[in-house]
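Trainee: I would like to learn how to read the overall build of a protein model. Where do we start?

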Amino acid sequence: MTTALDPVTLAVLKGRLEQIANEMDATLYRSAFNPIIAEAHDACHGLYHATTGDTLVQGTSGLPIFVGAMAFAVRAVIARVAAGAANQPGDTWLFNDPYEGGTHLNDMRLVRPIFRDGELFCWLASVGHWLDVGGNVPGNFNARATESFQEGFRVPPVKLIRGGEFQPDIVEILNANSRLPQSNWGDLNGQLNALDLGEQRLAALLDEYGVETVSTALDGFSARAEALMRAEIAALPDGHYVFDDFLDNDGISDEPLKIALDLTIAGDAMTLDFSRSAPPCRGPLNIAYSTAVACCYVALKHIFPHVPANAGVLKPITFIIPETTLLGVKAPKPVGGYTETILRVIDTVFGAFASIAPERANGSPYATINALSLAGHRDDGGRYVMFSFFGGGLGGNPEGDGLNHGNNPISTATIPPAEILEAAYPVMFTQWALRPDSAGPGRHRGGCGAIYEIEALAAGGADVFLLGERGKFPPFGVVGGQAAATNRFIYDTADGPKSPPLVTKIADIHIAKGQRVRLESPGGGGYGPPREREPASVARDVANGYVSAKAAREIYRVALDASGAVDATATAALRSEAP
């Protein structure tokens, strides 16, 4: 008979289990070969339920989007075992299938069963973004992909380690299909080391506390998360709420794609219905059902930050995500641009909550990762692929302004430093700065976007690929706040600077040595009417270069004198005028 644990023991075990996942994260960050894992921390580790695959514990520095997605990944392995595949101590499964608990093909997953006294206790899992997994485009963000085969190689759940025996033929196949096999090999070993460490730490914890005590604690964590989430939902007004947003295009045809949410609250339960969203598209802006659920979790975790991060959070939520929409596709529909779509899904949840609970709402973040790749050959003949994502402004919120040059809400990742990218690749950043007048105006303005300008240094120049968003539909404001600036991309040609016909997506340009690309990312949407912003705050923004004097006067209705100080009389007159 299982007995309840006292609060102190529960707290200690919670800390110990989270520390295991945190150490796994740190192990991979310190040993990965590619900067997107080592510097940007595009990875995640956690513990998952033996029979359901539910997330039990995740590291605090792993990507939030993986909390929900990795549960589906573990379930894919559980399904293999249920269908008759052997599962024994010393096994480790490997796969990147985005339709079986994945996100996109670059995210390579390792799943390991953990046995105790001959019984399956739980699963450990690791995921990390590999730099290149084949496909038509170096780095794999192929804005023109019309099927997954053009995005990279797809690996179903297979055993990389079988009963403790490493299977080198699996690695040979992976290496033969990548432009950067050495980078992938280093990342793979980092993930295996992280799993080894996690297994050792978990064994020590089970030795100390016993299987029954730790199992009881894990069940308690999920139950507590569910109870807290139900209480949060029950405190909201019952009703039906609607919010729609749009993607610029699918990279193939220049037609907007609607992401539509119908959100219903009834007592302590919530339904998220995306049935009105656009049908599957030809280009890579589709996502699988598991990815859609995972990004909804991220949105809700931002709105309810004090609810613990495990599968209990999702128990009160019903998801309606039909296969007839671009949010629930099956193979071989392309999904390589999933980051852009999940950010728009998150925005629809944020937008709906502006009506449900304005005191919890925030303006839209810049909501595009701007997946930019520069690829080519170094002067010594070696091949390189520089992939990175970039920052922008976060939305204004009830407590203050949005963060300048932050990262998107899908991520706790950091933007790789210019120095690291310049050291690793033949490129030079000629500008890395905040973008003036990019923040959405509001009582609490959004954060500023950024300007990045990159010059090719290799004699052969560089091929350039971009998969971004928010070039046509800007990050929105809430509760009277205004929209931020849209995304812009410019590249040098022999005939002068140009921009892509599809605004934020391109896959077929080459820049010569000395030529540059320029990315101007959006800011975040504003919160509350701009005329309610404190004039002194507007003056400070102008002095810091965030807002122009022209915008201060025309949007915020604040007049400044020659010294930059607020002209109180002129400001009062401006604000007394009708909007």
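Mentor: Start with contact, which means heavy atoms within 4.5 Å. This is a predicted model. In it, 22 residues of domain 1 are in contact with 25 residues of domain 2.

Trainee: Which residue ranges do the domains cover?

Mentor: The domain assignment gives domain 1 as 7-227, domain 2 as 365-528 and domain 3 as 535-576. Taken over C-alpha atoms, the centres of domain 1 and domain 2 are 30 Å apart.

Trainee: How many helices and strands are in the protein?

Mentor: The protein has twelve helices and 19 strands.

Trainee: What share of the residues is buried?

Mentor: Buried means under 20% relative accessible area. By that cut-off, 58% of the 579 residues are buried. The accessible surface comes to about 20700 Å², and carbon and sulfur atoms account for 53% of it.

Trainee: What share of contacts joins residues at least 24 apart?

Mentor: Count the contacts between residues at least 6 apart in sequence; 73% of these join residues at least 24 apart.

Trainee: How many positive and negative charges are there, and how far apart are their mean positions?

Mentor: There are 45 positive and 64 negative charges, with mean positions 4 Å apart.

Technical notes: Residues are numbered from 1 along each chain as its sequence is written. This is a predicted model: local features need pLDDT of at least 70, side-chain atom pairs count only at pLDDT 80 or more; totals for chains, interfaces and linings use all residues. Side-chain values use heavy atoms; hydrogens and water are left out. Helices (H or I, at least four residues) and strands (E, at least two) are DSSP runs, numbered from the N terminus. Buried means under 20% relative accessible area, exposed over 50%, partly exposed in between (1.4 Å probe, protein chains only). Accessible areas come from the Shrake-Rupley method with a 1.4 Å probe; for residues, only the protein chains shown count as cover. Lys and Arg count as positive and Asp and Glu as negative; His and the chain ends are not counted. The place of a charge is taken as NZ of Lys, CZ of Arg, CG of Asp or CD of Glu. Domain bounds come from an automatic or database domain assignment.
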